[in-house]
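Subject: Structure for your review

Dear colleague,

Please find below the structure that I am handing over to you, together with its sequence.

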Amino acid sequence: MNIFEIIGPVMVGPSSSHTAGAARIGLVSRRLLGEKVVDAVILLHGSFAATGVGHGTDRALIAGLLGMACDDARIPDAFEEARKAGMKVTLGTVDLGEEAHPNSVRLFLKGEYGKKLEIVAASIGGGQIQIREIDGLKTVFSGDYPTLIVENDDRPGEVSAITGMLYEHHINIATVQLDRDSRGGHAVTVIECDQEVPSAALEQLRNHPGILKITYLPVKEETCTVH
């Protein structure tokens, strides 16, 4: 059991799930995009939609997208901080279905250099989160490890190319999951690693035939320390 599950994170806001977790979702999503966010569409689901405004969920998500950790004193002023940073924000609600966690959000993000990313994420309690979907493909990862998300053609040899690259660079695999939209269609490989993946390795993988898109989450020190 993680200590976050027992006593929760140090945070600004009233709720570890609605505020601290939301800030982490925003921060991890910004890192996955890999660019400054200039346009964000934020669609709240379930409990996030019903009580999120009162708990500051909207402000926490925006703060995370601006690069703030969950104990940043500027979170209550996130709308003003977004305006000063030139980030356009559109808020709304969405029904993600009964299988979705009640504290879920769908994000449509655009970066300053044109990168785009669609994410569905959930705050699962104690400030912990899960990224449940990227660009319409299913994923389940926490953001606690360096994470490599590879969208590729669903054909033999693609997974071997990915794991072989990690082996060449002496990177140990913590977890791996596979999913696809259809047989022979598009697939996604999600690998949580014990070490950071160097940029040269990512570039090597991008040049491999059959690789459609690579999204990489580096793990940087956050100030969401525990009591």
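The buried residues of helix H6 (158-168) pack against strand E7 (147-153), E8, strand E9 (186-193), helix H7 (199-206) and strand E10 (211-217). Packing here rests on contacts, meaning heavy atoms within 4.5 Å. Helices (H or I, at least four residues) and strands (E, at least two) are DSSP runs, numbered from the N terminus. The buried residues of H6 are Glu 158, Ile 162, Met 165 and Leu 166. They lie on the same side of H6 because they cover an arc of only 100 degrees around the axis; the arc is that of the directions from the helix axis to the C-beta atoms. On the other side of H6, Ser 160, Tyr 167 and Glu 168 are exposed. In these descriptions, buried means under 20% relative accessible area, exposed over 50%, and partly exposed in between (1.4 Å probe, protein chains only). As background, an α-helix has 3.6 residues a turn, so residues three or four places apart point the same way.

The model is predicted: local features need pLDDT of at least 70, side-chain atom pairs count only at pLDDT 80 or more, and totals for chains, interfaces and linings use all residues. Residues are numbered from 1 along each chain as its sequence is written, and side-chain values use heavy atoms, with hydrogens and water left out.

Helix H5 (residues 78-85) can be described in similar terms. Its buried residues are Ala 78, Glu 81 and Ala 82. They cover an arc of only 100 degrees around the axis, which puts them on the same side of H5. The buried residues of H5 pack against helix H4 (57-65) and strand E2 (88-93), while the face turned away from the buried side carries the exposed residues Arg 83 and Lys 84.

I turn next to backbone angles. H5 is followed by Gly 86, whose phi is positive, near 80 degrees. After H6 comes His 170, with a positive phi near 60 degrees, although His 170 is not a glycine. Most residues other than glycine have a negative phi, and most peptide bonds are trans. His 170 is located in the loop between H6 and E8, and it counts as exposed because its relative accessible area is 71%. Asp 135, also a residue other than glycine, has a positive phi near 50 degrees. Asp 135 belongs to the loop between strand E5 (128-134) and strand E6 (137-141), and with 26% relative accessibility it counts as partly exposed.

On the surface, Val 159, Ile 173, Val 176 and Leu 178 form a nonpolar patch with about 320 Å² of accessible area together. Patches are made of residues with over 30% relative accessible area and no salt bridge; like charges are joined within 9 Å, and nonpolar side chains (Val, Leu, Ile, Met, Phe, Trp, Tyr) within 5 Å. A salt bridge is a side-chain nitrogen of Lys or Arg within 4 Å of a carboxyl oxygen of Asp or Glu. Accessible areas come from the Shrake-Rupley method with a 1.4 Å probe; for residues, only the protein chains shown count as cover. Strand E8 (residues 173-180) supplies the largest share of the patch, three residues. Leu 178 lies in strand E8 and counts as exposed because its relative accessibility is 57%.

Two further residues have contacts beyond four places in sequence. His 45, in strand E1 (residues 37-45), counts as buried because its relative accessibility is 8%. Its contacts of this kind include Val 94, Leu 96, His 101 and Ser 104. The C-alpha atoms of His 45 and Arg 106 are separated by 7.8 Å, with the two residues 61 apart along the chain. Glu 112, in the loop between strand E3 (103-111) and strand E4 (116-125), touches Glu 35, Lys 36 and Val 38, not counting residues up to four places away in sequence.

For the protein overall, the secondary structure comes to seven helices and 10 strands. Of its 227 residues, 48% count as buried.

Finally, a word on confidence. The mean pLDDT (the predictor's confidence in each residue, from 0 to 100) is 87, and 89% of the residues reach 70 or more. It stays under 50 over residues 9-14, and pLDDT is also under 50 over residues 222-227. Where pLDDT is low, the predicted coordinates should not be read in detail.

With kind regards
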